[in-house]
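Colleague: I am new to this structure and would like to learn how to read it. Please take me through its features in turn.

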Amino acid sequence: MRVFATHDHADFDGFAAMLAARLLYGGGEIVVGRPLDRLVHAYLALHKDRFEVAEIDAIDPAAVEELVVVDTRQRRRLRSVAKLLLARDEGRAAFRIETWDHHRARTDDLPADRERAEPVGAVVTLLVEALQRAGTPIDAASATAMALGIHTDTGSLTFSGTTPRDAAALAHLLACGASLGVVRDTLRGGLDAEQQQVLAQTLAGMRRLDLRGVRIGVVECAATGGGVGLAEVVSAALGMTELDALFLGWRTASGKLSIVGRASAPWVDVGAAMTALGGGGHAGAGSVTLRGDAAAAGMDALLQQLDDAIHDPPRVRDLMTGEVFCLDAGLTMAQAEVALLQRGVHGAPVLRDGAMVGVLSRRDIERARGRDDMDRAIAAGMATHVRTVAPDLTLDDAHRVMVSHDIGRLPVVDATGAVVGLLSRSDVLRTLYGESSVTS
Ligand SMILES: [Mn+2]
C-alpha cells in the first residue's frame with residue numbers, strides 16, 4: 001500500500017500536491033491531519049466524493065510499502081502520519097519514503113529514499129511538471145485543486161518566490177480544464193465572523209516598530225476560538241497597511257502562543273525568524289507554536305529573533321547619483337540657463353553658502369523669460385518648498401515620496417543640510433526592474 005501525506009493544517013498546495021502525486025504514482029491513500037486549512041476544508045466539504053481521504057487509524061502500518069510526503073520534509077510537521085513513522089522506527093513497518101518539497105532543508109527532515117526539493121513558488125508545480133512530462137491527463141476537478149495550490153502559495157503569481165515554472169504549470173492546468181469560476185469563488189471566500197473580529201483586534205491593537213527603517217507590526221490576541229485561518233487574517237491586515245511584515249500571536253487559555261507571520265517585502269525573512277523559534281516557513285510566510293517559558297515571554301521572544309531575520313533594505317545612498325551639479329543662488333536666470341544647458345540637465349539644486357535653498361528647473365526659467373526677468377537672481381524664481389530625502393532613508397520610503405508628490409528628482413540632503421546626491425525616477429526603476437531594463 002502507498003500512503004500520501006502532507007504537513008499539518010494542510011493547505012491547498014499540500015492537499016493538491018497529494019492529489020497530483022496520487023495521479024503520478026498511480027494510486028494510494030491520502031491521509032490528512034485535522035484541522036485542515038479553512039479554504040481546503042470548505043473545498044473538501046463540496047468535493048468529498050471526488051477526493052476520498054483515508055483515516056490514519058484504518059491503515060495497518062505493516063501493510064504500507066511506500067510513504068510519499070509532499071510540501072514538507074519536517075517530521076514534526078507530520079503528526080497525521082506520526083503513527084506510521086513511529087511504527088517504522090520500532091521495526092513494525094518497513095516502507096520507503098519519498099519527499100517532494102519547496103522549503104529549505106531542516107535538521108529534522110525525514111531521511112528519504114528519494115528526495116525532490118526545488119525552490120519553486122508552490123510544490124504542486126513540481127508534480128504538475130512531472131505529470132506533464134509523463135503525459136498523464138489531469139481531470140478538470142483535480143486541475144482546479146492544483147491551480148488553487150499554485151494560487152494560494154504564490155498569491156496568484158505575485159509573491160516574490162514565484163517562478164516562471166509556477167506560471168507554466170498554471171497554464172498547463174488551465175489547458176487541462178481547471179475552472180476559473182471555482183478558483184475565483186474559493187479564493188474570494190472572504191473572512192468569516194471570527195476572522196473579522198481578529199482582524200479588527202489586530203488593526204486596533206498592533207504595535208508598529210521601526211527596525212532600521214523596516215516597518216514591522218506585532219500584535220498578540222487572546223484566543224477566542226480554534227485559531228484556524230489566522231494566516232488569512234494576517235494577510236488581510238498586511239494588505240491594509242504599509243507594513244513590511246506583520247506577526248500575529250494567538251494565546252490560548254492554556255498559555256500556548258501560536259505566532260503567524262507574513263512579509264510583503266523581500267528584506268524580511270519570516271521563515272528564518274520562525275525557524276529560530278522552532279517553527280518553520282518561507283521568506284514570505286511562516287508560523288510557530290510556543291509553549292512553556294518561550295510562550296510566557298510572549299512576542300518578545302519573536303522580537304529577539306527579528307534582527308537576524310531582517311536584511312538591510314536598499315537605501316537612498318545606495319542608489320543616488322553622488323555628484324550633483326548645483327547652482328549658486330547669486331546667478332541670474334540667464335546665467336543659470338547657460339549652466340543647465342552646458343551640463344545637459346533639466347534642473348538643479350540651488351545653494352547659498354553651501355546649504356540648499358531651493359531647486360531651479362528649466363520650467364522656472366521659461367516662466368522668467370515670459371516675465372522678461374532673465375537678468376534677475378534665480379532665488380526669486382526658483383521653487384523654495386523643496387522636498388528632500390535623507391541618505392539613509394529606505395528606497396521604499398523615497399519611492400513613496402516621489403509617487404505621492406509626483407516628484408521625479410529628489411535632492412538628497414544630509415544632517416548638516418549639504419546636498420550629497422540626487423535620486424531620480426530612473427534610479428528607483430532600476431531597483432524595480434534591474435539594471436538592464438532602464439536606459440536612462
Ligand atoms: Mn507549499
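**Strands, helices and domains**

Modeller: Strand 4 (residues 96–101) and strand 5 run parallel and are joined by four bridges. This is a predicted model, in which local features need pLDDT of at least 70 and side-chain atom pairs count only at pLDDT 80 or more, while totals for chains, interfaces and linings use all residues. Residues are numbered from 1 along each chain as its sequence is written.

Colleague: What are strands and helices here, and when do two strands pair?

Modeller: Helices (H or I, at least four residues) and strands (E, at least two) are DSSP runs, numbered from the N terminus. Two strands pair if DSSP finds at least two bridges between them. In general, strands of a sheet pair through backbone hydrogen bonds, either parallel or antiparallel. In the case of strand 5, Asp 101 stands opposite its residue Ala 117.

Colleague: In what order do the strands of the five-stranded open sheet lie?

Modeller: The order is 2-1-3-4-5, and the pairing is parallel. Strand 2 (29–31) and strand 5 (114–117) are the edge strands, each pairing on one side only. On average, neighbouring strands of this sheet are turned by 15° against each other, direction ignored.

Colleague: Which strands does helix 1 lie across?

Modeller: Helix 1 (residues 12–25) lies across strand 1 (2–6), strand 2, strand 3 (66–70) and strand 4. Its direction runs at about 160° to strand 1. Axes are lines fitted to C-alpha atoms, for helices over the stretch in contact, and angles run from 0 to 180 degrees between N-to-C directions. Contact between two residues means that their C-beta atoms, placed from the backbone, lie within 7 Å.

Colleague: How do I read a pair of helices, and at what angle do helix 4 and helix 6 cross?

Modeller: Angles under 35 degrees count as roughly parallel, over 145 as roughly antiparallel, 65 to 115 as roughly perpendicular and the rest as oblique. The axes of helix 4 (residues 123–134) and helix 6 (residues 164–175) come within 9 Å and cross at roughly 55°. Helix 4 is therefore oblique to helix 6. A crossing is left-handed if the near helix is turned anticlockwise from the far one by less than a right angle, and right-handed if clockwise. Helix 4 passes helix 6 in a left-handed crossing.

Colleague: Which residues of helix 4 and helix 6 meet?

Modeller: Thr 125, Val 128, Glu 129 and Gln 132 in helix 4 meet Arg 165, Asp 166, Ala 169, His 172 and Leu 173 in helix 6. By class, this contact of helix 4 with helix 6 has three nonpolar, three polar and three charged residues. Ala, Val, Leu, Ile, Met, Phe, Trp, Tyr, Cys and Pro count as nonpolar, Asp, Glu, Lys and Arg as charged, and the others, Gly among them, as polar.

Colleague: What is the strand order and pairing of the six-stranded open sheet?

Modeller: Its order is 6-7-8-9-11-10, with mixed pairing. At the edges are strand 6 (207–211) and strand 10 (280–281), each of which pairs on one side only. Helix 8 (residues 193–205) packs on the sheet, where it touches strand 7 (214–222) and strand 8 (245–251), and its direction makes about 130° with that of strand 7.

Colleague: Which of its strands run antiparallel?

Modeller: Strand 6 and strand 7 run antiparallel, joined by five bridges. Arg 207 stands opposite Val 218 in strand 7. These two strands form a hairpin with two residues between them, and Arg 212 in the turn has a positive phi of about 50°. Strand 9 (residues 257–263) and strand 11 (residues 285–290) also pair in the antiparallel sense, over six bridges. Arg 262 has Ala 285 in strand 11 as its bridge partner.

Colleague: How does helix 8 lie against helix 9?

Modeller: The axes of helix 8 and helix 9 (residues 230–239) come within 9 Å and cross at roughly 45°. That makes helix 8 oblique to helix 9. The crossing is right-handed.

Colleague: Where are the domains of the chain?

Modeller: The assignment gives domain 1 (2–187), domain 2 (193–309) and domain 3 (317–437). Such bounds come from an automatic or database domain assignment. The C-alpha centres of domain 2 and domain 3 lie 41 Å apart.
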